[in-house]
Amino acid sequence: MIRVQASGNERLPLDLCTALRRSHGVRTMVALTASEDVFPRSLRGSAVRAPMRRASLCSEPRAERRSAPPSGTIGGDALLALHLNAAVSPLFTEDGELIDVRGRHRFVGGMSFLDSLVLAPTQESDRSNIVEYVVELERADDISAFRGVLSASLEAAQLDARVAAPVELSLLRAEVVARSVEQSRSRLLVGAVATGLLVSAVGLVGSSFRRQEMGRRRVLGASQAWLVILVSTEAVLAAGVGSVLGATSSVSFLASRGDALPAPDTVASGVVFVVIVTLLGAVVPALVSAAVDPAKALRVP
Amino acid sequence: MPSDAVGGIRLTRVTFGYSSGADPVVDDLSVSVNPGESLALVGESGSGKSTLLYLMGLFLRPTSGELTVFGTNPWNYGDRYRSSLRSSRVGFVFQDACLDERRSILDNVLEPTLYRSTRSPSAADDAAKLLRDLGVTSPMTRRPTQLSGGQMQRVALARALAGEPVVVLADEPTGNLDLRTRQLVVDALFGHVKTGAILVIATHDLELAALSTQQVRIS
Ligand SMILES: Nc1ncnc2c1ncn2[C@@H]1O[C@H](COP(=O)(O)OP(=O)(O)O)[C@@H](O)[C@H]1O
Ligand SMILES: [Mg+2]
């Protein structure tokens, strides 16, 4: 395989792609992106809903495609880390035509990969953020010749892209997994902090509405520890019920669309995670509730 | 029968102010109440009756002087000690009934049992009986919002008396009640004193104050 590393939003122009494909029997071309914006929503799970339709890398006009589907030029082991929940924008050809991107899903390490991915260049206006193309040739012995041609073409097209060393598919897959794991880790962290802050904020607002109640409980004999336990338990119950409901409805939504489903342990750990973060986030509101001054809370104005 | 209240409530030269700069609301006050006695705190509005009651209810801590309840200074112990004293030995009645509107009247009466370490198996039956004795005729499952002000105050009274507390603290308990309910509340409170309990009432109702063993005028 050949890797082409493009800086930022560099896209391979249509005619270049077409020329390369024609001259070198390109089997597969995959774009690796730092974000998922590049892939259309229809890509997710589409293989399940529709018979797999293959289009060529650099899409021919629609009429031509219709006349000869499926094109045999694309296939094999192309892969892509795809985040199921990512917001994605449509993918267009340079003619402004929406490209039909279809693939077969496969799960590796909690992520969805696509086999037989078909991809086309995107419009200038599209936020593609493609950082790398991977090209697989039909014959491995063509690689060095192809690299030369590709480099020359990129240079001629004045693209800020360079051809990297050939890679093994397994190494590439490992790299993509690692990249995705890192990305989801940092997202998880951001999510955790956001969830914690949200729980605290909601809890604080809630505790200000419940001053009277907390004051009454204190007067009737609730200790501060009792109130802390009350508020945290309520938060955890709400988070538990909420995240189970949320997980159930999103899984059934995915299922109804025929999308690939996340592994059960991924869902379960998500629920546990939300509950733990909620417990942490509930600490501040719980302490605030427990510190209520019963004399003030009960005073009839 | 209320359990032992030996030592009563004793305030020795107690001073309290909400802020250190301002004049104290309670200034160098000494007073004590023993089991089987009642104490009326009388004075104009804003004179500090509620404040004194909150000091006895252990919500406020004296700035200086000593307060003992049943012979010990509760401020030498932690929040758990003071809370358990409140939940199992003190009953509170307020001018405003302060009920939980989301729960039935029976559950309101039983609320203090939530905070106790033990709950008698007959608590619910006792609470229902007490509600009936106090003239609450609505079904026990009603919410307080469906009751009249007088009925709500009866429920609050039942909540205060249900655990047979040795101390009852009442803040303007007859504040805005009709005559019949007022009489019922007065009878119930002073009837409870006869069982050996301590009653402290903050009130500007001089008739009510006259029924008490002792009166303290606050200015
Ligand atoms: N939480 C508080 N902070 C500051 N001052 C208060 C507070 N509560 C009451 N006070 C003041 O303390 C004084 C006594 O109030 P209070 O004990 O409610 O009197 P009473 O019950 O006799 O009407 C009043 O001047 C009141 O303004
Ligand atoms: Mg008052």
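1. In chain B, three strands form an open sheet in the order E2-E1-E4, with antiparallel pairing. Strand E2 (26-33) and strand E4 (64-69) of chain B lie at the edges with a single partner strand each, so one side of each lacks a neighbour in the sheet. From one strand to the next the twist averages 15°. Strands are DSSP runs of at least two residues (E) and helices of at least four (H or I), numbered from the N terminus; pairing requires at least two DSSP bridges between two strands.

2. Five bridges link strand E1 (residues 9-16) of chain B to E4(B) in the antiparallel sense, and B:Thr12 stands opposite B:Glu66 in E4(B). Helix H1 (residues 49-56) of chain B packs on this sheet, touching E1, E2 and E4 of chain B, and its direction makes about 125° with that of E1(B). Contact means heavy atoms within 4.5 Å; axes are lines fitted to C-alpha atoms, for helices over the stretch in contact, with angles from 0 to 180 degrees between N-to-C directions.

3. Strand E7 (residues 198-202) of chain B is largely enclosed by the rest of the structure, because five of its five residues are buried (under 20% relative accessible area, 1.4 Å probe, protein chains only). B:Ile198, B:Val200 and B:Ala202 cover one side, and B:Leu199 and B:Ile201 the other.

4. E7(B) runs parallel to strand E3 (residues 38-42) of chain B, joined by four bridges, and pairs in the parallel sense with strand E6 (residues 167-171) of chain B over five bridges.

5. The model is predicted: local features need pLDDT of at least 70, side-chain atom pairs count only at pLDDT 80 or more, and totals for chains, interfaces and linings use all residues. Residues are numbered from 1 along each chain as its sequence is written, chains are lettered from A and ligands numbered from 1 in the order written, and side-chain values use heavy atoms, leaving out hydrogens and water.

Notes: Buried means under 20% relative accessible area, exposed over 50%, partly exposed in between (1.4 Å probe, protein chains only).
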